[in-house]
Amino acid sequence: MSQAPSPRTVVGCTLLVIALGAGVTACGSGGGNPLSAEPYDAADQIAFRGSTGGGKKADPDKPIEVTAEDDDGRITDVTAIDAAGRYVAGELSADGSRWHSTSPLAAGAHYTVRVSTEDEDGAPGRRVLTFDTGKPLTKKRLGVTFGPKAGTYGVGQPITAELDQPVKDKAQRAVVERALKVDSMPAVEGGWHWVDDKELHYRPKEYWPTHATVQVRSNLDGIKISDRLWGGRAKPLKITIGDRVIAVTDAASHTMTVYKNDEVIKQIPVTTGKPGFDTRNGVKVVLGKEYFVRMRGTSIGIAEGSSESYDLPVYYATRVTWSGEYVHAAPWSVGSQGFANVSHGCTGMSTANAAWFFENVREGDLVKVVNSYGNTMEPFGNGFGDWNLAWKNWRNGSALVVGDPEGPSPQDAARLRPTAV
């Protein structure tokens, strides 16, 4: 790059072609030290291909393409953003000759494209272009509902996204997943996992930080997912995270140890599942609390009237699976608590201890069972067993992960740079 004033006047500026509009021509002149020069107008021979004038709007199905056809200049940066603040992802070639969008445009949106260039002497050029996209022809929209409800939760609470229509194709899943945003303060690494065609879960690599604020939103509105499906609006979600409360139940020693912010706050003698009804090992997330539950053996497949049959009023019941596993008061087994496992799968304790536990945990707190002969808690379908998947396996459930799942999390490149230098 020359540091001396350039003796020439820029006559042929960079040619920029954006595949969405009508032609505009402008040319700026430059001189002096390029490091201190005002950006020149890089619009010389700019052309929009397609109709954007006369009330017509651009087709959101068509990508944006910006090219520099002057050998004396190159593109250095491109950003494309709509009025809602959604950036368009794209790639810039190593030589700066071409940039093209790699993510879909939104329908019915107003876009601003900012192009930065430099000439052979390093003098900077700028050009700002705007266009509007038309509305999609189909009226079919994909609805998304985030969970849980707004409130305060424990450090193990996953975020859920329920779709009102199935999305099976991986490329279409990538469009959906890329538009579902989770931001936390403080920031943590995390990712979405497709549970099935209509449900995604989001969790951090590690548990949420205590007292974090988590905000969830969808940028799908107006985005094309398939020829017959476009994104619809979704209500955003905000939750806060409380203290780090983890209850570890050792089925072999018949003891539950409760930690709050990594300090032991209580040890409780318990009984867990007896042989044939062994309590599930692994990490479970508190799903809710019920002061009174009527528990029947028939709910877990025990024949009424058999030797294992039961029908009991249960108090201070903290639920950890949808199939009926609780931490609850079991006054009938106090003599075995701390000594033997005699339950049908739940974790039983005295009424006083169950009341304490009930009052000191919240949804999203963690209950971990170790040293049981039971199977490991399933990741999905029976509550939140999400934490029983290693991070590598969790990342493999993302439609955005390509290559090493232990590498950096998928991030949308909002501000686009050359992929090589």
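This is a predicted model: local features need pLDDT of at least 70, side-chain atom pairs count only at pLDDT 80 or more; totals for chains, interfaces and linings use all residues.
Contact here means heavy atoms within 4.5 Å. The secondary structure consists of three helices and 29 strands. Of the 421 residues in the chain, 50% count as buried. The accessible surface amounts to about 20,100 Å², and carbon and sulfur atoms contribute 49% of that area.

The largest nonpolar core contains 57 residues, and the members that touch the most others are Val-176, Leu-180, Trp-192 and Leu-220. Helix H1 provides the largest share of this core, with four residues. Apart from this core lies another, made up of 18 residues, including Val-245, Ala-329, Ala-355 and Val-367.

Helix H1 spans residues 170-179, and its buried residues are Arg-173, Ala-174, Val-175, Val-176, Glu-177 and Ala-179. An α-helix has 3.6 residues a turn, so residues three or four places apart point the same way. The N-terminal end of H1 is capped by Asp-169, a side-chain oxygen of which lies 3.0 Å from the backbone nitrogen of Ala-171.

His-201 belongs to strand E16, which covers residues 199-204. The relative accessible area of His-201 is 2%, and the residue therefore counts as buried, the cut-off being under 20%. Two polar contacts involve the side chain of His-201. One reaches the side chain of Glu-199 at 2.7 Å, and the other joins the side chain of His-201 to that of Asp-386, also at 2.7 Å. When neighbours within four places in sequence are left aside, the residues in contact with His-201 are Ile-159, Thr-160, Gly-191, Trp-192, His-193, Val-195, Phe-380, Phe-384, Asp-386 and Trp-394.

Ser-103 is located between strand E7 (98-101) and strand E8 (110-119). Ser-103 has a relative accessible area of 11% and so counts as buried. A polar atom of the Ser-103 side chain lies 2.9 Å from the backbone nitrogen of Ala-89. Beyond its neighbours within four places in sequence, Ser-103 is in contact with Val-88 and Ala-89. Asp-61 occupies the loop between strand E3 (47-48) and strand E4 (65-67). With a relative accessibility of 41%, Asp-61 counts as partly exposed. Residues up to four places away in sequence not being counted, Asp-61 touches Lys-224 and Trp-230. The C-alpha atoms of Asp-61 and Gly-134 are 9.6 Å apart in space, although 73 residues separate the two in sequence.

Backbone geometry was also considered. Most residues other than glycine have a negative phi, and most peptide bonds are trans. Against this background, the peptide bond from Gly-147 to Pro-148 is cis, with omega near 5 degrees. Pro-148 is placed in the loop between strand E11 (144-147) and strand E12 (151-153). Another cis peptide bond joins Met-185 and Pro-186, with omega of about 5 degrees. Pro-186 lies in the loop that connects strand E14 (180-185) and strand E15 (190-196).

Positive phi values were found for residues other than glycine. Asn-261 has a phi near 50 degrees and is situated in the loop between strand E22 (255-260) and strand E23 (263-269). The relative accessible area of Asn-261 is 34%, so the residue is partly exposed. Tyr-316, likewise not a glycine, has a positive phi of about 50 degrees. In contrast to the loop position of Asn-261, Tyr-316 is found in strand E26.

Finally, the second largest pocket has a volume of about 660 Å³. Its lining comprises 36 residues, of which Ile-300, Tyr-310, His-344, Gly-345 and Cys-346 lie nearest the centre of the pocket. At least two lining residues are supplied by each of strand E25 (288-296), strand E26 (311-319) and strand E27 (326-329). Strand E25 makes the largest contribution to this lining, with four residues.

How values were computed. Residues are numbered from 1 along each chain as its sequence is written. Side-chain values use heavy atoms; hydrogens and water are left out. Buried means under 20% relative accessible area, exposed over 50%, partly exposed in between (1.4 Å probe, protein chains only). A polar contact is a pair of N or O atoms within 3.5 Å; within protein, one must be able to donate a hydrogen and the other to accept it, and residues adjacent in sequence count only if both atoms are side-chain atoms. A nonpolar core is a set of buried Ala, Val, Leu, Ile, Met, Phe, Trp, Tyr and Cys residues joined through side-chain atoms within 4.5 Å. Accessible areas come from the Shrake-Rupley method with a 1.4 Å probe; for residues, only the protein chains shown count as cover. On a 1 Å grid over the protein atoms alone, a cavity is a set of points where a 1.4 Å probe fits but cannot get out, and a pocket is an open set with protein on both sides within 12 Å along at least five of seven lines; lining residues have an atom within 4 Å of a point. Grid points are joined across faces, edges and corners, and a volume is the space filled by probe spheres set on the points.
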